[in-house]
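Let's take a walk through this structure together. Keep the sequence and the 3D view open as you read.

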Amino acid sequence: MKDNKNHKIIELEHVVVKLAGDSGDGMQLSGSQFSDTTAIEGHDLATFPDYPSEIRAPQGTVAGVSGFQLHFGHINVETPGDLADVLIALNPAALKVNLKWVKPGAIIIIDVDSFEQKDFLKAGFDANPLEDGTLDGHKVIKAPITSLSMTTCLELGLDPKSSERTKNQFALGMLYYMFNKDIDTGANFLEEKFAKKPIVAEANKAVLHAGYHFAETLEEFDITYRIKPHPEMKGRYRNITGNTAAAWGLMAAAEKAGLELFLGSYPITPATEILQELSHRKHLGVKTLQAEDEIAGINSAIGAAFAGKLAATSTSGPGLALKSEAIGLAVITELPLVIIDVQRGGPSTGLPTKPEQGDLMQAIFGRNGESPVVVMAASTPANCFDYAFMAAKIAVEHMVPVILLTDGYLANGSELWKVPKMADLPVITPRLVKDNDQNYKPYLRDPETLARTWAVPGQEGLRHRIGGLEKEDIIGTVSHDPLNHQKMVELRQEKVYKVANSIPELELFGEPAGDLLVVGWGGTYGHLVSAVKDLQTEGHSISLAHFNYIYPFPRNTEEILKRFNKIVVCELNNGQFIYWLRAQFPQYKYLTYHKIQGLPFLINELKEKFTEILKEH
Amino acid sequence: MTTEESNQVYPLTKEDFKSPGPVKWCAGCGDYAILASVQSVLVELGGRKEDVVFVSGIGCSSRFPYYINTYGFHGLHGRGAAIATGIKIANPKLQVWHITGDGDSMAIGGNHFIHTIRRNIDLNIIIFNNRIYGLTKGQYSPTSPRGQVTKTSPEGVIENPFTPGELVMGSQGTFFARAVDTDPKMMKEVLKAAALHKGTSVVEILQNCVIFNNQIHAAITNKETKDDHQIYLEADKPMIFGKNRDKGLMYKNNKLRVVTIGQEGITEDDLLVHDPVNPDNMIQYSLVRMGLPEFPMAMGVIRSCDCNDPYDVLLERQMEEAKRTSKIRNMDDLMNSGNVLDL
């Protein structure tokens, strides 16, 4: 690796790296590039991009800082990590924003070319943070990143503007050196990424190498680091984001069910990638409609469901609000429909790029009339695949709309995912009817699940009409009969409760009884399980019950709740799941730990809270 | 027509589309005549009756799907166009009709209306325009004329009304026709033309609400005045109207004019000849805008242009091309493609 007698390589278990710069500096690209490399070398990993909602906020300001955090290791990695071991700050604003998110003694790589007085003043520093002791206690590596990148590119004849945009690769080259990573893997990524712009690919590759060789010359890098591959990871893996996983889960369900997939959707942060991914999958029979608004998105999906497709719509909180009326239509027409809500900070436009779990009540209750739907939540980026698959399976087998909650943290975060085989996935049996079935009635139900059957336009001998008006039980004609209405409301409710018979029981992480039960749901799993695991290792009596199925609850929920002395409900909102638990199981006392800052939990803050609760009598 | 099972050819009759239950519009409502015309047209069009779907929004007219024996979907207020779009994309073989009213399509569903037309998906949209909200019992609608006194405009409407055809033209619509509910022959002609057009077809039917807006179209539809107040446009024919067939339309100084044949030396040869297929909709747009008292109302197929392939055809073409060229044939292929890591 290096002809330096002083060179020493230190083995690490796991490392958290944060790349930060201006939102136009390519931090997301270089972050994905480095993640791919660590994945290919067999590390477990989790990533979290952190970017502003403005596409290019004013350059050099804290509002415009874009970041990408990567946690990779030889051990199991459950979260992107609380604090970074290594920070790359391409400008003072990136340093300003991220300084509070690095560990004491962290390595901070600085682009000195961007630390002129006007730059650090713009970022809100009163004095040059490189000189006034701000960075004391950290290992600071100052590199002329912009100028060396420019020099490298200009030699290749690239224009100055494009040249400057390669500086993320210089910083990345230094990282490849620092962690003894194969730089060819990084170069291959660039070749694929810029396949249509060979000059840009060449320049970026040259700068990546320049950064690598620059690091080689630095005394500070006499010590470099190595992380061994994860020992238990066997088989085929890929790095996947929650949004891609959700899109693929729907596609896998369609294939398994023998149906074509239709997505009617409208672009909205942070859900847009689901629509984007599926619009590229025409070759697998996927049809997408980029509708004129959220309302048309879901209504077109309802039309497609009526016509026999596996129909879905994807959105975020504000879009879910607009879709409320149509979800009610899917409830009363009892059509299968998957609604994916990638939650973000609210209310209203709120914090579009930040994660929050504020839509739970909206998902459970947010419609007119008695309008129950199945509500479930994914809990890691990769299991967005499994829960999108299950949402579709439940929808077509129970003839019911299903809301799947994910969030911006899962959607944009990524982790390694063991690639499943289609043959190993559960069977999906849509409730389709044969042509000319003499017994067909639109609202005739399966006695076990109460699901009606699914006859679709074009089928012979099954012409029927459905819609938003209340229907007569079994025969499905319009009915305003009072007793029939009550019966239909109860049937639709009971049908949702009966889904509990088709979902797995709640699994506990830890002992089945004890002092403290930590309860969570959705995207907080990684942080909760990490905190609980640490405290278990320290000898505490603490277990985690993490919910993926929320409405209805798993059958054994009460069995689990009753075996603990204390229960603490943790969520990224003002206390919504706790409200739902109290309504369903009022006999227990629930403590709460919630946070509503547009940020994930920190493992350390959770541990502190749990320790405090365990100490109290 | 053939059935999948027997492959026997059998003709459709009106009986095939007869209402499956009681029809509950008010006695004397214009909707009855429209329903009868649609049923006749479906018989004439032939095809499998199972391939016909009626979709609607909310309003009196939107009860239509319950009154015709086809697959039917009674949707949400204003959203019928979006539901119909999903059905047509899901299965392009279906013949999809969307029934709507002036409130449903021009107010709450205005956005879906214009975007459906812009997208040019192969739907047949019928707007029952009675210029009033009927189901909520008599409030003004987006097509109510200025000055009209209704339950929500006690001193008269102070808004400008929409002309549905103008929205169609402004949305780059490829088909627009107009008819009156008192003329079954005219309705059948335009409805059939709408069904045969590939792309979004919009048919506006001037429909009488006998309860809340009775006689709103009387000046256009009355026996005594209709010949002078309507002009029935037919492709490639000069634009002549009037009880005595002596009036016509000319296009002069960039505007339409009503002229009398035989006066000022005007002959039939000087009149505009109707050109509904012309991609340039300038004249068609002027025809749509005509109204009493200066002009007769234009009836018939005003625009029918095959200027571009409908959305559903283009989408199917993209789907086929993608399937033909991709090596990834199923989910196993996809999940094992690209950046995978074998440990």
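The contact between the two chains draws on 58 residues from chain A and 50 residues from chain B, where two residues are in contact if their C-beta atoms, placed from the backbone, lie within 7 Å. On the side of chain A that touches chain B, the elements that give two or more residues include α1 (27-40), β9 (236-241), α9 (242-257), α11 and α12 (317-333) of chain A. Helices here are DSSP runs of H or I with at least four residues, strands are runs of E with at least two, and both are numbered from the N terminus. The largest share of this side, 9 residues, comes from α11(A). By residue class, the side of chain A that touches chain B holds 27 nonpolar, 15 polar and 16 charged residues. Ala, Val, Leu, Ile, Met, Phe, Trp, Tyr, Cys and Pro count as nonpolar, Asp, Glu, Lys and Arg as charged, and the others, Gly among them, as polar.

A word on the source: this is a predicted model, in which local features need pLDDT of at least 70 and side-chain atom pairs count only at pLDDT 80 or more, while totals for chains, interfaces and linings use all residues. Residues are numbered from 1 along each chain as its sequence is written, and chains are lettered from A and ligands numbered from 1 in the order in which they are written.

Now zoom in on α11 (residues 294-306) of chain A, which packs against α2 (residues 80-90) of chain B at an angle of about 45 degrees, with the axes 6 Å apart. Axes are lines fitted to C-alpha atoms, for helices over the stretch in contact, and angles run from 0 to 180 degrees between N-to-C directions. α11(A) and α2(B) are therefore oblique to each other; angles under 35 degrees count as roughly parallel, over 145 as roughly antiparallel, 65 to 115 as roughly perpendicular and the rest as oblique. Among the residues that make this contact are A:Ile295, A:Ala296 and A:Phe306 of α11(A), and B:Ile83, B:Ile87 and B:Ala90 of α2(B). The residues of the contact of α11(A) with α2(B) comprise 12 nonpolar, 5 polar and no charged.

Within chain A, α9(A) meets helix α14 (residues 383-398): their axes come within 7 Å and cross at roughly 40 degrees. That makes α9(A) oblique to α14(A). Residues in this contact include A:Trp248 and A:Leu250 of α9(A) and A:Phe385 and A:Phe389 of α14(A). They divide into 14 nonpolar, 2 polar and 2 charged.

Stepping back, chain A has 20 helices and 23 strands, and chain B has 11 helices and 12 strands. Of the 617 residues of chain A, 55% count as buried; for the 343 residues of chain B the figure is 48%. A residue is buried if 20 or more other C-beta atoms lie within 10 Å of its own, exposed if 12 or fewer, and partly exposed in between.

Finally, look at B:Gly59, in the loop between β1 (52-56) and β2 (71-74) of chain B. B:Gly59 is buried, because 27 other C-beta atoms lie within 10 Å. B:Gly59 and B:Thr136 are 77 residues apart in sequence, and 8.2 Å apart in space, C-alpha to C-alpha. Not counting residues up to four places away in sequence, B:Gly59 touches B:Gly101, B:Gly103, B:Asp104, B:Gly134 and B:Leu135.
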